[in-house]
Every structure is written in C-alpha cells, then in structure tokens.
Amino acid sequence: MPSIWAIKPTPKKKRKINTSKICIIKIIRPAGQRKQSEMDKELDKSGQRKLECADVSRCFQLLERIIDGNNIPDSKEIIQEKLAKCQPCFEHFHLEKAIKEAIHTKCTKFCMSEDMKSDIRKKIQEIKLDAR
Amino acid sequence: MVTVSEVYVHLNSMSESQRKKYSQEEKDSIFDGEFMPHMDSMYNFAFRLTFDEDDAKDLVQDTYLKAYRFINSFEQGTNAKAWLFRILKNSFINEYRKKSKQPAKVDYQEVETFYNSDDVDYQGTTDLRVDSVKDMLGDEISNALNSLAVDFRTVIILCDLEGFTYEEMAKILDIPIGTVRSRLHRARNLLKEKLRSYAQYMGYKTDSEEEEEN
C-alpha cells in the first residue's frame, strides 16, 4: 500500500478553448461594436509613437521587404524599433502582413484534375519516345 | 544554396555548346523528380492568368513540353519551379495574351512611367483595417485579386501565393528588381482599394468613417 504522501494530486486539466466558436462570435459581431485589436489599444495608450513618419518611402519599403521574406540584416530589431516608435509604420506593417497572410491562406489553390494530369503525362511520354 | 538568379547569370554566360548534355536517364530523372511535382502550382498560376480551365491546362502542357525540349538549359539542383514559371509566363505572353485579345484594363502610359522608375510614391496608411482583412472570406480576397490587371495580379501571385523572392521574381518576369518592388507596391495599393470597397460593402467600419462620426 503506498503512503498517502506518495500519491500526487491529479493536476487540474487545462480548459480547452474552442477556437471555432471564437471565430463565429467574431464574424457575427455587429459592425458598430467592432473594436480595434487589443494590441492597438495598448500601444495607443502609451502615446509614445510618432503620429507622422519622417521617411515614409524608406520605412514602408523596408518593412515590405522584411514582410516578403527578403534577407535584411537585423530585421527583427528594425521591426521592433519602428513599430514601437512610429504609428504609420505600425499600421502599415500590420495591414500589409494581414493582407499577405489572407492571400496566402484564404485564396483557393486551383488544382489540376487527375484526367488533365494523365493527359499531360501521356503527351510527355510521346515526346520522350520520339526523342529516343 | 544556389539561387535562381545565380543560375540565370550562369546560363547567360554559357554558350550553347558549353551547356550540359544530359543522358536520356538523367533527363527522365530531372523531369520526373524536379519538374513534375510543380504541376499543381503551375496550373494554379496558369488558371489565375487565363481564368479558363482548358487554356490553363494547355499552358501547363506547353510549358512541360518546352521544359523537356530545353532541358539542357536547366542546371540540376537549382530552382526548378522558378525555371518552369518563367517558361509558363513567357508562353502566356507570347500565345495566350494575343489569343484572348483582351483590351488593356490599365492606363499603360501611366504604368510604363511607373515601371521604368524604381522610385515609388509611398503614401500614408489607408483606412482599411487589419480586422476587416482578417474577417474577409477567401472568395472576397480572390475576387479582389482577380480584378487586378494581369501584370499586377502576377506579382502578387508570385510573391504572396507562391513565395518567390524579389530576386527570383525579377528573373521570372525579366524585369529589374527595383521594378519588381515598385510593381508589387502598386499592385498591393490597388488591392487595398478593392478590399476597402468590400469592407464598406460588408458593413465593416473604416477608420475614416469612425472619424466622421466622432
């Protein structure tokens, strides 16, 4: 019989969050009640960001290059600094990123039917045989 | 890792006789191992260019036949997908664009001036909200993308759907890298305008509307 002290209390189960429900709530929320993201609110309160960017062209171009995955040295630090200090850069970065992600994840990827694929394979096979 | 641009530079500096001649077995192995896995991506690109299933299929088939014919120009181990996309894009320009005889949907004089310059007029932020974009459905985003002129649509497909770098896009499209950047920026601004219209139609508030109310 094991000692009572050897029995560990069963850990409380973490409550699972049903993300599908959250999405539904978000979609049906009436337009008038829509709120800015929590991140937006938090950072706006601090009032530390400049409301105008001193060099919009250079900053936006740099942010877009980073979002598009081009190899920019110290990109993490650049983003942290720009987003913390400049409101236009903050807004541009998040909007561009959201659009890019929406295109990547939501646009339908049209796939070829198996019939089409087999037609093409046949044609290629014919060309291969002719080449021999 | 060798980038696609390095391959093209390499290819341009090679004469026809210097190019590698693959044996029949090597050709088959490259074709089946490196070219065939991209069939769906190629079809997706072709369909978004032509909006027609049969034309898209013909375009993909034509691309594969050309790829087989010119396989000695391809250097094994380099970016096969970018190489195939370049062939597909050229086939589309040479054959399908002529065939469709679609009227230009953009002011080409304005676009040309724009294309020939690396300077982009970066404006302040639009009043489209991040939340609105996140709530949009795939069809709404697809429709906005499809409504863009083909040159603008192409850069967004290559960058955002297929994940090519600016350097790879420059080689696929045969344009300078600065032009890729400016065309992409312009394309995204046009897309934002379309999405903003959708957002208003869907009843999402834009920042400017909220300001007016306050």
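Among the contacts in chain A (heavy atoms within 4.5 Å) between residues at least 6 apart in sequence, 59% join residues at least 24 apart. The model is predicted, so local features need pLDDT of at least 70 and side-chain atom pairs count only at pLDDT 80 or more, while totals for chains, interfaces and linings use all residues. Residues are numbered from 1 along each chain as its sequence is written, chains are lettered from A and ligands numbered from 1 in the order in which they are written, and side-chain values use heavy atoms, with hydrogens and water left out.

Chain A has six helices and zero strands, where helices (H or I, at least four residues) and strands (E, at least two) are DSSP runs numbered from the N terminus. Along the sequence the pattern reads α-α-α-α-α-α. Of the 132 residues in chain A, 29% are buried, that is, under 20% relative accessible area with a 1.4 Å probe, counting protein chains only. The accessible surface of chain A (Shrake-Rupley method, 1.4 Å probe) is about 10200 Å², and carbon and sulfur atoms account for 56% of that.

Helix packing comes next. In chain B, helix 10 (residues 166-173) and helix 11 (residues 177-202) pack at an angle of about 100°, their axes 8 Å apart; axes are lines fitted to C-alpha atoms over the stretch in contact, and angles run from 0 to 180 degrees between N-to-C directions. These two helices of chain B are therefore roughly perpendicular, the word used for angles of 65 to 115 degrees. B:Tyr166, B:Glu167, B:Met169 and B:Ala170 of helix 10 meet B:Ile177, B:Val180, B:Arg181 and B:Leu184 of helix 11.

Over all chains the structure holds 10 aromatic pairs, meaning rings of Phe, Tyr and Trp (its six-membered ring) with centres within 6.5 Å. B:Phe35 and B:Phe74 form an edge-to-face pair (planes over 60 degrees apart), at 5.1 Å centre to centre and 75° between the planes. B:Phe35 lies in helix 2 (residues 24-35) of chain B and B:Phe74 in the loop between helix 4 (53-69) and helix 5 (80-100) of chain B, so the pair ties together parts 39 residues apart in sequence. Both B:Phe35 and B:Phe74 are buried.

Note on methods
Buried means under 20% relative accessible area, exposed over 50%, partly exposed in between (1.4 Å probe, protein chains only). Angles under 35 degrees count as roughly parallel, over 145 as roughly antiparallel, 65 to 115 as roughly perpendicular and the rest as oblique. Rings of Phe, Tyr and Trp (its six-membered ring) pair if their centres lie within 6.5 Å; planes under 30 degrees apart count as stacked, over 60 as edge-to-face and the rest as tilted.
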